[in-house]
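User: I have a structure open and would like to go through it with you. Could we begin with the surface and then work inwards?

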Amino acid sequence: VQPLLGIVTDIKNEYLIRYHACTALFSIAKIKDDDFRGQVQYGLDKNRQPVDQQKAFEKLRNILGVQ
């Protein structure tokens, strides 16, 4: 999961690359929270309101148990 996490958390990567890496990462980790995935992918919550994307990345790292 580490390589996928690196792709997902590097916002300099192209949108589609991050999108597909995030989809794969959430699938592998069996995370079924669409609101959280939106926070990680887009920096937006389920109501399309901005969230702190860096905090979402940190939460994802904690869930996955990686730094």
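User: Where is Y15 found?

Analyst: Y15 is found in helix α2. Please keep in mind that this is a predicted model.

User: Is Y15 buried, partly exposed or exposed, and why?

Analyst: Y15 counts as partly exposed, because its relative accessibility is 46%.

User: Which residues form a nonpolar patch with Y15 on the surface?

Analyst: Y15 forms this nonpolar surface patch with L16 and Y42. Together, Y15, L16 and Y42 have about 320 Å² of accessible area.

User: Let us stay with α2. How many residues does it have, and how far does it reach?

Analyst: Helix α2 covers residues 15–28, which makes 14 residues. From its first C-alpha to its last, α2 reaches 20 Å, close to the 20 Å expected at 1.5 Å a residue.

User: Which residues of α2 are buried?

Analyst: The buried residues of α2 are R18, A21, C22, L25 and F26. Seen down the axis of α2, these residues fall within an arc of 130°, so they line one face of the helix.

User: And what does the face turned away from the buried side carry?

Analyst: That face of α2 carries the exposed residues L16, H20, S27 and I28. L16 is also part of the nonpolar patch with Y15 and Y42.

User: What covers the buried residues of α2?

Analyst: The cover includes three helices: α1 (2–9), α3 (34–42) and α4 (53–64).

User: Now α1, please. Which of its residues are buried?

Analyst: In α1, the buried residues are L5, V8 and T9. Viewed down the axis of α1, they fall within an arc of 85°, so they line one face of that helix. What covers them includes α2, α3 and α4.

User: I also see L4. What is it in contact with, leaving aside its neighbours within four places in sequence?

Analyst: L4 is found in helix α1. With those neighbours left aside, L4 is in contact with A21, A24, L25 and I28.

User: How far apart are L4 and F26 in sequence and in space?

Analyst: L4 and F26 are 22 residues apart in sequence and 9.8 Å apart in space, C-alpha to C-alpha.

User: Changing topic: how many salt bridges does the structure hold?

Analyst: The structure holds one salt bridge. In this bridge the side chains of R61 and E58 meet, at 3.6 Å from N to O.

User: Where do R61 and E58 stand relative to each other in α4?

Analyst: R61 and E58 are separated by about one helical turn, because they are three residues apart in helix α4.

User: Are the two partners buried or exposed?

Analyst: R61 counts as buried, because its relative accessibility of 17% is under the 20% limit. E58 counts as partly exposed, at 33% relative accessibility.

User: What else is R61 in contact with, beyond its neighbours within four places in sequence?

Analyst: With those neighbours left aside, R61 is in contact with L5, T9, V66 and Q67. Of these, L5 and T9 are among the buried residues of α1.

User: How far is E58 from V40?

Analyst: E58 and V40 are 18 residues apart in sequence and 9.6 Å apart in space, C-alpha to C-alpha.

User: What about Q53: where is its place, and is it buried or exposed?

Analyst: Q53 has its place in helix α4, and it is buried, with a relative accessible area of 17%. Leaving aside its neighbours within four places in sequence, Q53 is in contact with I11, R18, Q39, V40, Q41, Y42 and G43.

Definitions and conventions. Residues numbered from 1 in each chain as written. Predicted model: local features only at pLDDT ≥ 70, side-chain atom pairs only at ≥ 80, totals over all residues. Heavy atoms only, no water. Helix = DSSP H or I, 4+ residues; strand = E, 2+ residues; numbered from the N terminus. Expected span 1.5 Å × (residues − 1). Buried < 20%, exposed > 50% of the residue type's maximum accessible area, 1.4 Å probe, protein only. Arc of directions from axis to C-beta. Contact = heavy atoms within 4.5 Å. Patch = residues over 30% accessible without salt bridge, like charges linked within 9 Å, V, L, I, M, F, W, Y side chains within 5 Å. Areas by Shrake-Rupley, 256 points an atom, 1.4 Å probe, with all protein chains shown as cover. Salt bridge = Lys/Arg side-chain N within 4 Å of Asp/Glu carboxyl O.
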